[in-house]
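Biologist: I am new to this structure. Could you show it to me and then take my questions?

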Amino acid sequence: MEYVIGILLLVSFFGLVVYAVRGGNLMLGIFVMGIIWTVLPMVGNMLVTNPDFIAANKEAISITWTEALQKVFQSGPEGWGSVLVNVVFGAWFGRVLMKTGIASTLIRTTTELGGDKPAITCILLCIVTTACFSSIFGAGAVVAIGVIVLPIFMSLGIPKVLATCAFMLSVGAGMFVNPVLYGQYSAFFLGEDGKTLYPYEQHVSWGIYALLIQVAVVIIMVAVLSREKKVHSWAATAPASAKKRRGDNAPGIALIAPIIPVLLLIVFKVPIILGFIIGSFYALFTCGKIKNWSQTCRMVNKDFFDGVVDTAPLVGFLLMLPMFNKAAELCVPYFNALLGGIIPNNTLVISIVFAVLAPLGMFRGPFTLFGCGAATLGILKGIGFSTAYLAPLIIIPSTVMNVSCCITQSWIIWGVNYTKVSTKEYLKLSTVVGWIICIILQIMVYVMFG
Amino acid sequence: MKYVISEMMEELIKLDAMEWGGYAFYHEPLERKFTEEQKKVYIRKANACGEQEAEELLKEYPDTGIKALAEDMGFTVKMPKTPAGGGHVIFAQYVEPKEITVFTDCVEKAEKLIKKEHLTSLLEGIDLTEVLLAHELFHGIEYRKRKEIFTQTEKIQLWKRPFSNRSRILCLSEMAAMAFAKKMTGIHCSPYILDVLLMYAYNEEAAEALYEEILEAAGIREREEEC
């Protein structure tokens, strides 16, 4: 019976893969999977007769229906509450950086350093973009910075596909230490008490190198490909807002604001929410936006509102995800029974598989935690790999192939539409570069934690 | 809808080269490096450069269509339909060293718009494809003459001594290309008006925002302060 349940679970897993690749709504897809992966193992628990299987999984299969439902549908989303709070504060911080003109000033100042040298300016802007996205998060922030950076790239004659790819990979590079994205990842590694088994310090210990490696690969890509024929386009760009311009005059002292939260967290262990608050008020204060109490109240209210709206589409998905994660835990005995003998428990083999098959992290496939990777993680957890190894193993394709390269990522599809690059052209470049980054990072993670 | 297209076109046709120069500098990444006086000098020089190139070419190729002229000069002219749209609409492009592309989807849409909105008399004598081709042709000529043409040789120092990074001023090329296209096609207004016209064919709101931006950049209208 355990094999029948295991096969049914795998069939449903591939069903989700197909559904995700076809562009189905992931929020509901994940929710339905949460239900299927709760019902199947629970039915299995009632029907299994194999004494060896029962003895090996005594505790796991003795869970009652009430306990299972509580674990999946109540504790799961509740446990993610703390992550949601981080997301909201991060989005507020992003809004403050936009409104104060710090992001646009930073970009303009960087452009003034590089001038008309496409490679130099593009590389400098990529570094600044990465620095910005080491703290800020969300499609709203990517779009707000993209509408400034991408026209600059194209006015320098950088081919559209290279411009789009370089910008999106730079955003993704920053995400390796981004506390908000980390919060989402950490939700996949919660202990029985709901606390994370994967602290931020552990994440940064390799994430900072991953960031540097991804930026280095972007620099090499820009240096090599910007030597190709230059393109001069006659194009009209809609102003991002009728009131957008002339906001790029933030004082020099304010320009360090984007990295304040991450810096405070890494160096002084200041909690990230406090970091966002300090960073936001530092930005508002140095830009002279704090004039009187009532005006400050109005401004903070408005920025918070806009920040929450920015994250709204993500919140629904991320509140369903913990249900699926918790349901995956119920399935572990059945995956072990079916795949335990097939999937190698050797970290070298697993690392090679993740490096070679890294593109499976695209299109919400089995190597991304924002797709079916939650199930893959469930299977690998069942085999008994350590969190210190498993977390980076699956976060790499999630951040590189999904967040940085895949057109199923909301801000990437925005960028592709904005620059009018064909998805085929974009994917040809982003997949190859992302794949190379994944291979390098998997080698690094194997050496560090394997 | 705040404006109708004919109203916007009427207003934009009235703008002179100096005012369009303000719009060009609005999109210049190094804009903050120049004083208003310096900008005026550059606008004059860039326009003169474009016009001079056009005059030379018109002498050499009198009564020749732009496409034929470009092909005769060794450029490859492509005219794919390639639909555009969204907030960033590409009308035409020049790829070094000799490829000129005009995206005809935007031209067809704009021509339909001109008929529908009765803009024919307002935009009399403007052949959109010719204007776009002429603009890109200038970039081709600019590439061939990159060692001596003003728009390529004029540079500003970005870094303080002892370091050095001299950069071209990108908007000079665009201003000169517009002046070149105007002279070559003999139209009565700046080709810059196509920014609004062609954008309007895809996205009316974006075209209106662009129109407001142009008026502000030209110094005709002050932008509302954000509350």
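**Between the chains**

Modeller: A:Val231 stands opposite B:Val95 in strand 2 of chain B. This is a predicted model, in which local features need pLDDT of at least 70, side-chain atom pairs count only at pLDDT 80 or more, and totals for chains, interfaces and linings use all residues. Residues are numbered from 1 along each chain as its sequence is written, while chains are lettered from A and ligands numbered from 1 in the order in which they are written.

Biologist: Which element gives the largest share of the side of chain B that touches chain A?

Modeller: Contact requires C-beta atoms, placed from the backbone, within 7 Å. By that test 37 residues of chain B are in contact with 25 residues of chain A. The elements giving two or more residues to this side of chain B include helix 6 (128-144), helix 9 (193-200) and strand 2 (88-95). The largest share, eight residues, comes from strand 2 of chain B.

Biologist: Which peptide bond is cis?

Modeller: Most peptide bonds are trans. B:Pro97 lies in the loop between strand 2 and strand 3 (99-102) of chain B. Omega is near 5 degrees in the cis bond, which runs from B:Glu96 to B:Pro97.

Biologist: Is B:Asp63 buried or exposed?

Modeller: Phi of B:Asp63 is near 55 degrees, a positive value in a residue other than glycine. B:Asp63 lies in the loop between helix 3 (36-60) and helix 4 (66-72) of chain B. A residue is buried if 20 or more other C-beta atoms, placed from the backbone, lie within 10 Å of its own, exposed if 12 or fewer, and partly exposed in between. B:Asp63 has 5 C-beta neighbours inside 10 Å, so B:Asp63 counts as exposed.

Biologist: And where does B:His118 lie?

Modeller: B:His118 has a positive phi of about 55 degrees although it is not a glycine. B:His118 is exposed, with 10 other C-beta atoms within 10 Å. Its place is the loop between helix 5 (104-116) and helix 6 of chain B.

**Chain A and its helix 14**

Biologist: Within what arc do the buried residues of helix 14 of chain A fall?

Modeller: The buried residues of helix 14 of chain A include A:Ile272, A:Phe276 and A:Leu284. The arc is that of the directions from the helix axis to the C-beta atoms. Seen down the axis of helix 14, the buried residues line one face of the helix, because they fall within an arc of 160 degrees.

Biologist: What share of chain A counts as buried?

Modeller: The secondary structure of chain A comes to 20 helices and one strand. Of its 450 residues, the share that counts as buried is 54%.

Methods. Helices (H or I, at least four residues) and strands (E, at least two) are DSSP runs, numbered from the N terminus. Two residues are in contact if their C-beta atoms, placed from the backbone, lie within 7 Å. Two strands pair if DSSP finds at least two bridges between them.
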